[in-house]
Amino acid sequence: MTAAGYDGVMRLALERGFYFPSCGPYGDAPAGFWEYGPNGTAFKNRFLALWRRELVRRGGMMEIDGSQIMSRSVFEASGHLASFADPVVKCGACGSTFRADRLVAEKAGVAIPEAAEPAAFDAAVAEHGIACAKCGGALGGARRFNMMFGVGIGPEGERAYLRPETCQSIFVDFPRLYKTMRGKLPMAVAQVGKSFRNEISPRQSLLRLREFYQAEIEVFCNPARLDEAEGFPEVEGVKLRLQGGEERAGPVTAGEAAESGAVPGRLVAYYMALLALFYEKAGIDAERSRFRRLGEKEKAFYAEAAFDFEVETSAGWLELVACNYRSGHDLAGHAAGSGEKFEVDDGGEKVLPHVFEISMGIDRSLYAILEHSLREDAENDRTVLALRPYLAPVQVGVLSLVKKDGLKERADRIHRSLRGDFDAFLDHSGAIGRRYRRLDEIGAPYAVTVDHRTAQDGTVTLRSRDTMGQRRVAEEDLPDALRGGLRIP
RNA sequence: GCGGUCAUAGUAUAGCAUGGUAGUAUGCUGGCUUUCCAAGCCAGUCGCCCGGGUUCGAAUCCCGGUGACCGCACCA
């Protein structure tokens with residue numbers, strides 16, 4: 001194996017079934033679509049189990065599972081039909097494509113809103129004689145490039161869209177959830193699922209996909225009560241590595257951040273703290289992570305305050321999570337679009353809830369964890385994926401030291417008894433050291449080996465991935481021993 | 001989307017200039033050895049990105065497509 005970093009992770013991913021390009025056998029496989037193999041899927045499932053534990057359950061959230069295809073009206077109301085589409089012009093000579101609004105602003109100093117009709121850009125291009133910024137060639141007509149994938153529904157092909165973010169289901173479901181699930185503000189709703197964006201140029205495998213997993217959490221709150229968060233005392237001391245403008249990434253506690261106004265209220269500080277704790281438990285090196293406050297220009301159009309949770313990797317600082325205080329933008333939009341009431345009663349007061357959103361990119365998170373976990377152990381000539389034990393795709397390897405003398409049968413039996421409760425992998429073939437290496441590489445934290453002593457006293461050896469140390473454990477004590485080592489702290 | 005580089009087994013690569021259907025390493029499967037950290041031996045297994053053209057013959061030359069990497073642009 002090569003060293004860690006992007007290439008090392010990529011090689012591991014391809015060689016050990018973590019992830020690989022989709023539509024493999026065909027030459028016309030489009031870019032930006034990747035598939036998780038057995039180890040990748042198991043790893044992802046465990047990561048999501050941790051997400052459910054540390055955020056959904058701990059934060060008292062509801063989880064839903066919405067449709068991936070949603071109606072046109074939803075995206076009219078959300079603003080995606082207008083704002084998720086960039087006005088672009090293409091050079092007829094060299095083929096370069098430019099953002100029409102930016103080109104016009106740069107060349108002619110004229111500000112045209114990006115949501116304007118294409119004709120407005122054509123007029124400006126003609127009036128100011130704007131040519132291609134690259135080759136000086138004549139520009140073609142402006143058009144809108146929408147990053148949403150459209151789909152045709154039914155025989156008439158009625159226009160609908162694959163969701164470009166999962167959160168719209170949460171917004172449109174909010175009134176029903178509030179009524180039927182006995183909602184009270186603040187109320188947090190979570191969802192994990194696929195989103196789809198027609199990226200112009202997908203890059204770097206899991207880092208920029210056209211079809212990707214998001215886990216989004218929408219916290220509906222009363223804007224007058226942003227300082228009220230029930231669980232706050234238990235996370236008050238959690239360090240948040242805030243960074244914004246000129247400030248260095250220095251840890252402040254969640255309490256200090258809320259007190260100083262660095263984040264808008266205790267409610268927001270509470271969820272940011274849960275998020276920081278979650279990623280630490282997921283195996284992200286806290287020293288190489290930060291919450292970066294976005295400047296006015298970087299923020300999404302709806303956001304009043306925005307923090308990106310970023311992690312340092314060999315590909316630079318990667319944005320894993322966007323935390324946005326979205327104010328009343330979403331519910332007001334859907335109230336206006338649908339005519340339905342989105343105000344709720346909060347202690348006798350009618351309020352249109354504001355939204356604080358935590359939008360996680362799952363695929364990127366998985367990549368970052370893999371990169372932070374992959375090491376070369378030169379001393380022992382091995383590659384180790386030092387995943388937290390509770391995230392490992394294979395939890396325990398079951399090996400026979402040799403195949404004969406009944407050791408194989410004994411190992412088979414142990415494997416059968418363990419696999420109901422654990423992800424156990426059985427392996428009889430090859431040198432024992434080679435089998436340990438294979439398990440190390442996919443991050444299996446434990447290996448159980450049946451040897452000649454097993455038949456005499458009923459014990460097996462339990463090997464730890466990280467220390468390579470072994471201890472003898474009675475066969476019947478294995479489940480407890482493993483459970484102890486796999487427990488989430 | 002633009003420009004540059006590139007595409008050969010599961011992975012990493014040689015071969016391409018000077019066309020004659022592919023080699024190495026590692027992996028994988030089975031066997032021998034019976035062994036606690038990638039030992040050895042034997043046998044086996046898998047490949048020229050896709051489509052078209054030139055040619056008696058294409059991994060190799062030409063055209064088109066697709067993908068990957070890097071830079072630019074993009075990333076509500």
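Analyst: Chain A is divided into domain 1 (2-21 + 29-73 + 162-372), domain 2 (85-146) and domain 3 (394-486), with bounds that come from an automatic or database domain assignment. The part you ask about is domain 3 (394-486). Please keep in mind that this is a predicted model, in which local features need pLDDT of at least 70, side-chain atom pairs count only at pLDDT 80 or more, and totals for chains, interfaces and linings use all residues. Residues are numbered from 1 along each chain as its sequence is written, chains are lettered from A and ligands numbered from 1 in the order in which they are written, and side-chain values use heavy atoms, with hydrogens and water left out.

Let's start with helix α16, residues 478-486. Helices (H or I, at least four residues) and strands (E, at least two) are DSSP runs, numbered from the N terminus. Leu478, Ala481, Leu482 and Leu486 of this helix are buried, where buried means under 20% relative accessible area, exposed over 50%, and partly exposed in between (1.4 Å probe, protein chains only). Viewed down the axis of α16, these buried residues fall within an arc of 125°, so they line one face of the helix; the arc is that of the directions from the helix axis to the C-beta atoms. As background, an α-helix has 3.6 residues a turn, so residues three or four places apart point the same way. The buried residues of α16 pack against β22 (396-400), α13 (407-418), β24 (446-450), β25 (459-464) and β26 (470-474), with contact meaning heavy atoms within 4.5 Å.

Two buried aspartates come next. Asp427 sits in strand β23 (residues 424-427) and has a relative accessible area of 9%. Its side chain reaches the backbone nitrogen of Ser429 at 3.2 Å, a polar contact (a pair of N or O atoms within 3.5 Å; within protein, one must be able to donate a hydrogen and the other to accept it, and residues adjacent in sequence count only if both atoms are side-chain atoms). Beyond its neighbours within four places in sequence, Asp427 is in contact with Val398, Leu399, Ser400, Arg435 and Arg438.

Asp451 belongs to the loop between β24 and α15 (452-457) and is buried, at 15% relative accessible area. The side chain of Asp451 reaches the backbone nitrogen of Arg453 at 3.1 Å. Not counting residues up to four places away in sequence, Asp451 touches Leu401, Leu407, Thr459, Thr461 and Arg472.

Asp405, in the loop between β22 and α13, has a positive phi of about 60° although it is not a glycine. For comparison, most residues other than glycine have a negative phi. Asp405 is exposed, with a relative accessible area of 53%.
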